[in-house]
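I set down what I looked up, topic by topic.

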Amino acid sequence: MVTLLLILLPLVGGLLVMALRESAARAVASIVALATALVAIGAAAAWGSGAGLHYGLSLDWIPSWGISFSLGLDGLSLPLVLLTVLVAPVALILATRNEGRRSPILYGLILAMEAGLVGVFAARDAVVFYLFWELALVPVYFIAGFWGGEKRVPVTLKFLVYTVAGSLFMLFGILYVHAFTAAPQGFSLSAFYSASLPPGAAPWILAAFAVAFAIKMPLFPFHTWQSDTYHEAPASGSLLLAALMAKMGLYGVMRWMLPVFPTAFAGLQPLFIALGVVGVVWGSLVALAQKDMKRLLAWSSFSHTGLMAAGVFSLGIIGFQGGVLQMVAHGLSIAGLFLAVDIFESRTGGRQIGTVGGLAHRNGAFAVLFVLLALSAFGLPLTAGFAGEFLLLISLSKVSLWWALGGGIGVILGAVLYLQWIRKSFLGPEPKEVAAFKLKPSEAGALGVLALAGIVLGVYPKPLLELARPTLDALLNVIGAR
Amino acid sequence: MSLFILLPVLAVLVLFANLGRIKAATLPLAILGLVAAAALAIFRLGLDSPYLRGAAEFDPFASGFSALLIVMTALVVLLLAAPSGKTDIPQGEMAGLLLFSLTGAVMLASYTNLVMLFLGIETLSIPIYILAGSKKNDLGGNEAALKYFLNGSFATGILLFGIGLLYAGTGQFNLDGILAWSQANPGLHPLFHLGLLLLLFGLAFKVSAAPFHFWTPDVYEGSPTLITAYMSTTVKIAAVAAFYRLLARAFPAAVDRWGWILVLLAVLTLAVGNLGALAQGGFKRLMAYSGISHAGYLLIALLAAGGAGAAGAAGASGAAGASGPAGALWIYAAAYAAATMIAFVAWARLEEDEGGGVMIEAFAGLRSRSPFLAVGLGIAMLSLVGVPPLGGFFGKLFVFGNAVAQGRIGLVVFAVVLSAVGMAYYMKPVIQAWFHESPKKDRLPLRGPEFFVVAICAIALFALAAAPAGLLGAF
């Protein structure tokens, strides 16, 4: 029931919010988002232990096809659900800036997307997974398409067609695996884990899933939609895409791809790791050349996702733990950075790096928070980003030192990237054209919470790692068992 | 047999009411009658026994599809009650003709004899030839009517020739008789198989499958929008139901002979429909190509007729398999019809407002002119692409699922790729409606019937997600 509540609360709340007026909508949306967050935190507090399913729910839906409406949380889904419920309010804070442009609908769409994301992370049935997978996509398409920048229409259409193409391949893959589940055939996670696919076909079906997940993450070379979409989307949309939607892909890999096709994956592992590592280096190199902050974040995010993917593809408990930790860490820091960029833009009138510098003179607290978030993003020790990247690189090095080297180069380039950005935008002489400014309480609060969470997780990641461990062990057992 | 009495009698009553002094009563009468007919079909009242010496039989398949056809027609008749500003639309005559046409549609859903199939096709089509040209002074409408008539006659001719050959080969008109004959005479029989081939081609014309689709865009564009809505929903579904019934009941044993032909038709239809739609700038032409592409997906659904027949010795409806191929077809058809209906209601409303614009850009700014219609349009288009949790998704899920279970992997992959193309063109009107500003700022108020039809169809698209379990087993 708790899991269902985590989905229904934002979904119903979101639909309700769309019908309200601006001021009421803002209040109701905040209440709904906070209530959802509280429910999730409560669920985490009452977690207990064990690899098993918590807060499970299973209703018969289409029995003749073996489809049931099954939800539940475990050590892999809970961290991502927590990330979702923490980041969604930040998106709402950003959304309040679009005043006058039908904001209630924007709030509603953000909440609807939150529901979709929680559903993706909680689904225990492939059809339910697909349903929420698309439910998370449609709202963000409308967010980006309606509230976005000048070239939003073609850019978001490309994004939509691209991701839906991926989804449809996955749908085909789901149907194919279903045809090979043991009788009585079904779509449940356990049926999928024990499906015996013909060895000749398995790599192709794996590819059908991989395309969907690779486009969502995105993984090289399926990233061409990303930079333009992040750039054109409004700040709240970019934040949802980067902090949350990208995680759907990697989650899908861990939950629905690797354990279903372990044998087929074993043959393709070097290819997948290579795609991840290429993305790490490629992304950080391109990011170095960016002037626009949102494009910079897009490419840097692409680079980070590549490392997460490569680490997870290396198939070890360290890589899996690193993947979970880094998904959360990256989600927190990138959400904070998108909020910071939006604050930057609203106060200085632009978001080009190099045009305005020395912002530390105008608002020291803002500069400190930004630096903390940036440090976590590129993985300075004692930040969550470091812990995550460290685990991922160790895991990669166990496969081959060369892969780890490639990933390490990307991490170093990332450090260069963020340090340059800090220097150009926040250090240096006082900017004459910008007056001193204050942060709104909501802005300061959100930045503070995100930065603090990054540091807490970096200093003491153990609870998160311990939480995820039993589930990840179980997943690796499934992968290794066949 | 109650439907075969009720519907034509109703049609005659409506026409007489229209001729007499009670014009105001015609549409309410037609709608009341259709509601009664839908009730008969849904609750299967007076439908049980085969009749006319076994020419028709209301098995669950027949009553299920009849109900769908009746409801879709009722929605169109309801929309007649929201007349456009121009008063040259003869509502009463149109309602009467629609009812006659519906009688043919119900025949197509329930026939068990090839003569009845032929009668059904003719009864369905002849009123449409007239209706397509019902705007007498409109050149486009006249062209559409003539094109539809010529192509339709051609198709019926082929169909009739096929029936003749089959009779010559087997000595049977009856579906069950043909099945028994083909089971007793395996192997290649020129008359039998040529007859089957011509039947397939004749029906492919009716469902506008490529390469027999070329009349569709012109006819859809030229006909009055409400009639286009009727053609692309009721007429197409009736033809598909007839197609399924033919294959599942008479030819499941010959699946090896017709399976590859359907696959070929499906591949061609999907390519022509989806790629053709991508190139369209006019909305009705877009919807015409959309209809062609959905004919392609429906052909994939028809392929399951053979699988079920082979597995379960052809139950009355072919629904022998647990996966319910007929139910899948019904869900697909219902979702397609509901979504298409919304699209045409929206278009009819805009057409009236714009006075004859044909381009998709007419949807620009619909969100501020009529948020309700804009939301409905979004739901309809997303359902046509197959986005969950809308009906279109479940249609695709079951249809593709059955095809995968039958081992038609290449075909499903091809269909999946083209579904993604579908997203690109189905979003065109949605993008106009939501992301573009309108040159016109005035509100676009909906009339009661329009509001009702859009609401019912949108609710149905969501409701199809809640009920597939019952529907799959119902046929």
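**Entry 1: ground rules**

I note that this is a predicted model, in which local features need pLDDT of at least 70, side-chain atom pairs count only at pLDDT 80 or more, and totals for chains, interfaces and linings use all residues. Residues are numbered from 1 along each chain as its sequence is written, chains are lettered from A and ligands numbered from 1 in the order in which they are written, and side-chain values use heavy atoms, with hydrogens and water left out.

**Entry 2: chain B as a whole**

I looked up the secondary structure and found 19 helices and zero strands in chain B. Helices (H or I, at least four residues) and strands (E, at least two) are DSSP runs, numbered from the N terminus.

I then asked how the radius of gyration of chain B stands against that of a compact globule. For 475 residues such a globule would have a value near 23 Å, and chain B has 21 Å, which agrees. The radius is taken over C-alpha atoms, and the globule rule is 2.2 Å times the number of residues to the power 0.38. Along the principal axes, the C-alpha atoms of chain B fill a box of roughly 70 × 55 × 40 Å.

Of the 475 residues in chain B, 63% are buried. Buried means under 20% relative accessible area, exposed means over 50%, and partly exposed lies in between (1.4 Å probe, protein chains only). I also examined contacts, meaning heavy atoms within 4.5 Å. Among those in chain B between residues at least 6 apart in sequence, 80% join residues at least 24 apart.

**Entry 3: the interface of chain B and chain A**

The size of an interface is often given as the accessible area lost when the parts come together. I recorded about 3100 Å² buried between chain B and chain A, with 84% of it on carbon and sulfur atoms. This buried area is the accessible area (1.4 Å probe) that two parts lose on being put together, summed over both. The contact takes 36 residues from chain B and 31 residues from chain A.

How many residue pairs are in polar contact between chain B and chain A? I found two, with both residues at pLDDT 80 or more. A polar contact is a pair of N or O atoms within 3.5 Å; within protein, one must be able to donate a hydrogen and the other to accept it, and residues adjacent in sequence count only if both atoms are side-chain atoms.

On the side of chain B that touches chain A, helices H14 (366-369), H16 (391-405), H17 (409-435) and H19 (468-474) of chain B each supply at least two residues. H17(B) gives the largest share, 14 residues. By class, I noted 28 nonpolar, six polar and two charged residues on that side. Ala, Val, Leu, Ile, Met, Phe, Trp, Tyr, Cys and Pro count as nonpolar, Asp, Glu, Lys and Arg as charged, and the others, Gly among them, as polar.

**Entry 4: salt bridges**

Side chains of opposite charge can pair when their charged atoms come close. A salt bridge is a side-chain nitrogen of Lys or Arg within 4 Å of a carboxyl oxygen of Asp or Glu.

B:Asp59 forms a salt bridge with B:Arg249, with the closest N and O atoms 3.2 Å apart. B:Asp59 sits in the loop between helix H2 (26-42) and helix H3 (60-80) of chain B, and B:Arg249 in helix H10 (residues 225-250), 190 residues apart. B:Asp59 is buried because its relative accessibility is 4%, and B:Arg249 is buried at 6%.

In B:Glu437 and B:Arg367 the closest N and O atoms are 2.5 Å apart. This pair is 70 residues apart, with B:Glu437 in the loop between H17 and helix H18 (448-466) of chain B and B:Arg367 in helix H14. B:Glu437 is partly exposed at 45%, whereas B:Arg367 is buried at 5%. I also noted one network of salt bridges with shared partners, joining B:Glu57, B:Asp59, B:Asp176, B:Arg245 and B:Arg249.

**Entry 5: two single residues**

B:Thr156 lies in helix H6 (residues 139-170) of chain B. Is B:Thr156 buried or exposed? Its relative accessibility is 5%, so B:Thr156 counts as buried. Leaving aside neighbours within four places in sequence, B:Thr156 is in contact with B:Phe118, B:Ile121, B:Glu122 and B:Tyr129.

A:Ser333 is in helix H13 (residues 317-348) of chain A and is buried, with a relative accessible area of 3%. A polar atom of the A:Ser333 side chain lies 3.3 Å from the backbone oxygen of A:His330. Not counting residues up to four places away in sequence, A:Ser333 touches A:Leu373, A:Ser376 and A:Ala377.
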